[in-house]
Amino acid sequence: MAVANAEVMRGQWQHLLEVRTLRNVEVQVMPAACGFHPGLNGPFVVLETKEHQHLGYIESQEVGCVVHDPAVVSALGLRYGKLRSRALNSVESARLIERLVGEA
């Protein structure tokens, strides 16, 4: 089931191709063939402050939570690493997105 028409999707894919050129952005696509992966539990953010404190942020419908517990933040970091290792690299991801733009 599509949530947007082809024109909207093409615009979103083109935007990803544009922002991937920024020096602080890397776009990686998780292939559908990957099946179950750690990202299916929902979005999360892992960050490090200027003071080198590691934090996490988890968000769900109408709820957001900053995570301070080092064990939980560590688990989020490991989950992030697994996601990156299973996703297409940035070059492969760009090629896939370019192909999708052409097909839409």
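Here is a short chat about a predicted model.

Biologist: Before we start, what sort of model is this?

Modeller: A predicted one, so keep that in mind throughout.

Biologist: OK. Let's begin with α1. How far apart are its end C-alpha atoms?

Modeller: They're 20 Å apart. Helix α1 covers residues 6-19, and at 1.5 Å a residue its 14 residues should span 20 Å, so the two values agree.

Biologist: And which residue caps the N-terminal end of α1?

Modeller: That's Asn5. One of its side-chain oxygens lies 3.1 Å from the backbone nitrogen of Glu7.

Biologist: What about Trp13, buried or exposed?

Modeller: Trp13, which lies in helix α1, has a relative accessible area of 19%. The cut-off for buried is under 20%, so Trp13 counts as buried.

Biologist: How far is Trp13 from Glu98, C-alpha to C-alpha?

Modeller: 7.7 Å, although the two are 85 residues apart along the chain.

Biologist: Moving on to Arg20. Where is it?

Modeller: In the loop between α1 and β1. Arg20 is partly exposed, at 30% relative accessible area.

Biologist: What does Arg20 touch?

Modeller: Leaving out residues up to four places away in sequence, Arg20 touches Val25, Val27, Ser90 and Ala94.

Biologist: Which residues is Ser93 in contact with?

Modeller: Val27, Gln28, Val29 and Leu88, once neighbours within four places in sequence are set aside. Val27 is also on the list for Arg20.

Biologist: Switching to the strands. In what sense do β1 and β2 pair?

Modeller: Antiparallel, over five bridges. Strand β1 is residues 44-48 and strand β2 is residues 54-60. Within that pairing, Leu47 stands opposite Leu55 in β2.

Biologist: How many residues sit between them in the hairpin?

Modeller: Five. In that turn, His52 has a positive phi of about 65°.

Biologist: Last topic, rings. What sits over the ring of Phe44?

Modeller: The charged end of Arg79, 5.9 Å from the ring centre.

Notes:
Residues are numbered from 1 along each chain as its sequence is written. This is a predicted model: local features need pLDDT of at least 70, side-chain atom pairs count only at pLDDT 80 or more; totals for chains, interfaces and linings use all residues. Side-chain values use heavy atoms; hydrogens and water are left out. Helices (H or I, at least four residues) and strands (E, at least two) are DSSP runs, numbered from the N terminus. The expected span of a helix is 1.5 Å times one less than its number of residues. A polar contact is a pair of N or O atoms within 3.5 Å; within protein, one must be able to donate a hydrogen and the other to accept it, and residues adjacent in sequence count only if both atoms are side-chain atoms. A charge sits over a ring if NZ of Lys or CZ of Arg is within 6 Å of the ring centre and within 35 degrees of the ring normal. Contact means heavy atoms within 4.5 Å. Two strands pair if DSSP finds at least two bridges between them. Buried means under 20% relative accessible area, exposed over 50%, partly exposed in between (1.4 Å probe, protein chains only).
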